[in-house]
Structures are given as C-alpha cells and as structure tokens.
Amino acid sequence: MPAITVDELTKRFGQTVALEALSFQVEDGEVFGFLGPNGAGKSTTINVLLDFVRPTSGSASVLGMDAQRQSREIRQRTGVLPEGVELYDRLTARQHLEFVIDSKDATDDPEALLERVGLTDAIDRKAGGYSKGMAQRLMLAMALVGEPDLLILDEPSTGLDPNGAREMREIVREENERGATVFFSSHIMEQVETVCDRVGILRDGQMVAVDSVEGLRDSVDGGTTLRVTVDRIDDDALQAVRSLPDVTDATVESHAPPTVVVTVDGSKTAVLSALEDRGIEIQDFETTEASLDDVFQSYTTDTETEVHAQ
Amino acid sequence: MSTETGAGTDATDAGNSPASSIDTESVRAVAKKDFQDAVRSWLFWGLSAFFFTLMAALAGFLSWANPDNFTTISFIALVSQVCKLIIPLIALLLGWKAIAGEREAGSIKILLSLPHSRKDVLLGKLLGRTAVLSLSLLIGFLIAMVAVVFAVSEFSFPAYIAFLAMTIVYGLAYMSIAVSLSSLTRSTTMAGAAMFGIFVLFYIVWNSIRTALGLLMQRGYIEGVTYTTTGLTGQQIETTRLPDWALFIDMIDPGNAYQNTITLFSALSSDRIGTRFPTAAFPDGLPFFLQDWFSLLILLFWIAVPLAVALYRFDRVDI
C-alpha cells in the first residue's frame, strides 16, 4: 500500500491554477524528495494532504485513508514540519512539545526529543527569542513526536546552517530506518539527493519527472564527464574515442598538457583503453558526474533539454 | 460589519464539504495551550490589575458617598453598569486575533497538523480565551470582595457569586462573537474591522434603536400601545408605549440581557438595573419575551449562534 497517493489533483485559487491534474505515489517506507522551484505547488500539495485546503478536483489519500474524510486519523499517524510558520512566542520548547505529546496522546520525553535535534539548552526558553534555525529544530522535534508512520517535512532546511541541514538529514535517515515513510519537500536539489530514494520534480503544478536520483541523472543529457590528461593527442585517437558506443562527445580542451574531455554514458575504461591502444600514455584522469543541480535546472527552467516525464 | 472569507477559495466547488467531528480531548488540549499562551500576555495581567483596581475603587467610592446604605446590591448595581460597557471591549480585545492571528502567523498549521479538527480548534480557542477572561475577572472580583465585605453593611455572598457568574457568561457571549468573527476572516486587519463593527453595532446603533423607534411612534409610523396610569397627584394619565416587538428589539442587546439576568440570580430588583417596564403598561402581564428569564436565553443565543455559524463556515474554507 502506498503511503501517499495523489490522483489527478487539481487546485485553483480563483484564476490561478496551483496544481493541474497532479498524480504521483509515495511508496511505503521510502524517502521521497518533493522538489520544485518556489511557487511550483509543493506547499499546496502538502496542504491538500493535510486537509488545509480542499481540492478543486481529484483526490489524495494518505496511509490508505482519504485525505479529507479521515484527516484526523491521518494526522494522528503523521508528523508534520510545516513551512513558513511562527511558533508561539510566549511558550517554551518544553511547552510546545508537551502540547504536541498531549495532542497525539503520545508518551515521548521532551528532553530526549530536543536532544535529538540539538536544542536541549533552550528547553525552558520562550520560543519568541529563538533564531530561525532554533525554531526549525524545535519544529522538527515536534514532528517526531509519537513515532509517526509518515513524516511530511516542508522545506525542512529553511534557516538551518549546513551543519544543521546535515543533522536534519541524519534524523530523516534514522526515522526512515525505524520504518517511517518520509515526504520531504525542497527547492534545493542537493538537500534531497543524499537522503532520498526517489525524487519527484514539480513544475507549474505538474510532476515533470519522478525517478531515483540515479535515474534522473541518466535521463538528462550529460552523463559523466571524463577529463583525461595525456602525453600527446592526435585526430586518429580522438576519432577512435568518438566512435565508441557510449561516448556522446570528445573534444580537446587544451594542448599544454594535452587534455581530452569526453562525455560518456557508460564504461569509462573503454575510453581509456581506446587511447592506450593508440599508444597514448595516460598521465592523469578525473571524472565529473553531471550534478543533480544541472538535472534540476534542466527540468525546471526553459532550456532545449528534452525532458522525458515518467 | 463585513467579513472576508477569501473569494474563490471556497472548497465547496469540489462538491465535497466534509464536516469535521468534535473530540473533547482535542478541545481540552487546544484550550489548555491557548490558555497557557494567553495567560502569559501583558494583556491578561493588565486586565486582572484593572478589574481589581476598578472594583476596589468603586467599593471605596460607594462607601464614601453612601456609608450608611452601602449594600452588596448597590455595589453590584454600580459595578454591573461598568461591566456592561467594558466586558465587550475586553472580550473583543482578547479574542479578535484568536484564529485570524494564527492564520496570519501560519501557526494554525501547527494546530491543524495535529489530530485536531477545525471545530476542536475553534471550541478550544473559545474556551481557552474565555478561561483567561474569567480568571482575570475572578482575581479582580475575589480580591475586591475583601474590600466589599468590610465596606458594606450586609454582605451577600450568593448575590456576589451570582453576579460574578453572570459576568463570566456575558464575557463568554462576547468572546463567542469575537472568536467566531476571527475565524471567518483571513487577516487580523479584517478581524479588527469586524470587531470595530460589533462595537459600533452594540454601543451606538443598538442604543439608538429605542430612541429611533420612539420617534417613529410619535410620527405615527409605528402604532403604539395606549394605557392609563396613575399620575403623581392621583389623576389618571393616558400614555403610549412602544409595542411589544419594538421593546423586544431593545432586549436583544447582550448588555441589556446581561443586566436583566443579574436580577434573576440576585435579589436585585429591575428598578435598579436592566430594563424596567411599568406594571401599568402591561395590564395583562408582561409578555414572556420581555421577562428577565428570557434574557438568559438571549444571552445563550449570543453564545450559541455566532459559534454555530463559525463552526459551519470554518470547516469549509481553505486555511
């Protein structure tokens, strides 16, 4: 049973179309990265899942339950880190957590939760004085209450420094190992690539790609870039490399020292062998994978790159 | 008074408007949190101090002005006049941001991410805020009681407590109006405007209605009821009063209803506070809807009806 099923979901706000016939599934037990530029409709999707807004048409189900009719049951088993939310200024971290624990009828210890997110020092301080990062840590702790089956994290890295973002990803991993499904939205690719099993890319209210991180890399032109420094280079050798089946392009980048840049989709050793077969001595080589940022860019901006939605 | 519900964002277009359920545990959890939050505000402490000072000052004034005839009843009569005017202001002030403020700050998403229905949130907010208002009333009234006990010639504890209880019910009525309107608006600006509308409606418009109706009667637009009464010198005087329905309009005002209900629970006669009708004007007896017990229903109406509308609407909007 999928943890989240969104089926032909459309949401209009007056004249504005926020979501247009959006369909996707999040499998039970996976970490799903929900990626898209600001304004793509990520928050609207999450708002529908939590019944904050009602669909214009289409439907959504969470943990096998209808997102509208059984919202209370869904939210009992879901931990949420909402985006763009202010805490209660006059309440301490402890009081925030006690409220969540009370609301979910859970038995968690506020101190243990704050220790996980690294906010133990501020336990009895009022949230009004928190920095953005501290507020985000507290909200993550609130999402963890009651060992939820599903975690919905809307832009969880907001306000966190790189270290904080890494810790947050670590918690996502731990929660996933415990058995929780994690639905994780972000507008930054690198936030999701290290933790997510699959990534869905949303653009203008539509899913333009859903795939594993590897699959997304492969789906975009580029593949791996191989940079080989050699003792000499000739046209014959270059032609031999270009004729290899996995190679899409090969150019001479510089002549001192001679460097060949090869774009390859498959075996890199085949390239190196082809050069060596021509008696060329390889002095050094490095590979650069197409960055996922490039992948994200290609899906979410208007370039000529052809996109194969799946 | 106008309310904004965000045109075009009604969820009803999906033909699917689920009504949420009410869970008492959720209501309690929300109320407790809201109370914890609001009780730490300067507004609460300011209010408590204000009530205490007010009560003590009024008690002091009465005992100074009328030392021989200062009773619990005369104290209640005076204080209820003041409460009638300031409780609405305080309730509107405490309640106007209850929902609209959380929507503006986004923290409503914290509440609604938890297993609380929208109805739970609305009811919890109303109870939490009313508890804050009640606590400040309680503190003010109880501390002032000490002063009153020493000042009055004869202290009536039941009358005093009944007065406090009715004042809390009156506060609940205005809190229901405030929180309900707050839930129907999307921004605190709109909520503030709605509160101002309520203020104008009951402080200015309603108070003018009776005068206006009297004028209309004099000009013959409304047919009055003629009756005879005995004048000061013993002669029979024929006068005209407003018809029953026009008098009823005046009774609807929550403030009037509040004062009329106090007479129900204390030994206070309606000669002192609330609406008074000369017996001679109603030879067949006062119609039931002008009697004091009916004012209690009116007060309950002001608690239930705004809340019912808000419970219905709040379930159906996009947050």
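The tour goes from the domains to the interface and then to the pockets.

A word on ground rules: this is a predicted model, where local features need pLDDT of at least 70 and side-chain atom pairs count only at pLDDT 80 or more, while totals for chains, interfaces and linings use all residues. Residues are numbered from 1 along each chain as its sequence is written, chains are lettered from A and ligands numbered from 1 in the order in which they are written, and side-chain values use heavy atoms, with hydrogens and water left out.

**Stop one: chain A.** Colour 4-218 as domain 1 and 223-289 as domain 2; these bounds come from an automatic or database domain assignment. The C-alpha centres of the two domains of chain A are 45 Å apart.

**Stop two: the interface.** Now bring in chain B. Together the two chains bury about 3,300 Å², with carbon and sulfur atoms giving 53% of that. Buried area here is the accessible area (1.4 Å probe) that two parts lose on being put together, summed over both. On the chain A side, show A:Phe52, A:Arg72 and A:Tyr88: they lose the most area to chain B, together 23% of what that side buries.

Next, look for charge pairs. The rule for a salt bridge (a side-chain nitrogen of Lys or Arg within 4 Å of a carboxyl oxygen of Asp or Glu) finds four across this interface. Zoom in on A:Asp102 and B:Arg28, whose side chains meet in a salt bridge at 3.0 Å, N to O.

**Stop three: the largest pocket.** A pocket is an open set of points on a 1 Å grid over the protein atoms alone, where a 1.4 Å probe fits, with protein on both sides within 12 Å along at least five of seven lines; lining residues have an atom within 4 Å of a point. Select A:Arg90, B:Asp37, B:Lys97, B:Gly101 and B:Arg129, which lie nearest the centre among the 23 lining residues. The space comes to about 620 Å³. Of the lining residues, ten are nonpolar, four polar and nine charged.

**Stop four: the second largest pocket.** Centre on A:Val85, A:Glu86, A:Lys132, A:Ala135 and A:Met139, the nearest to the middle of its 18 lining residues. Here there is about 290 Å³ of space, and the lining divides into seven nonpolar, five polar and six charged residues.

Terms used: Grid points are joined across faces, edges and corners, and a volume is the space filled by probe spheres set on the points. Ala, Val, Leu, Ile, Met, Phe, Trp, Tyr, Cys and Pro count as nonpolar, Asp, Glu, Lys and Arg as charged, and the others, Gly among them, as polar.
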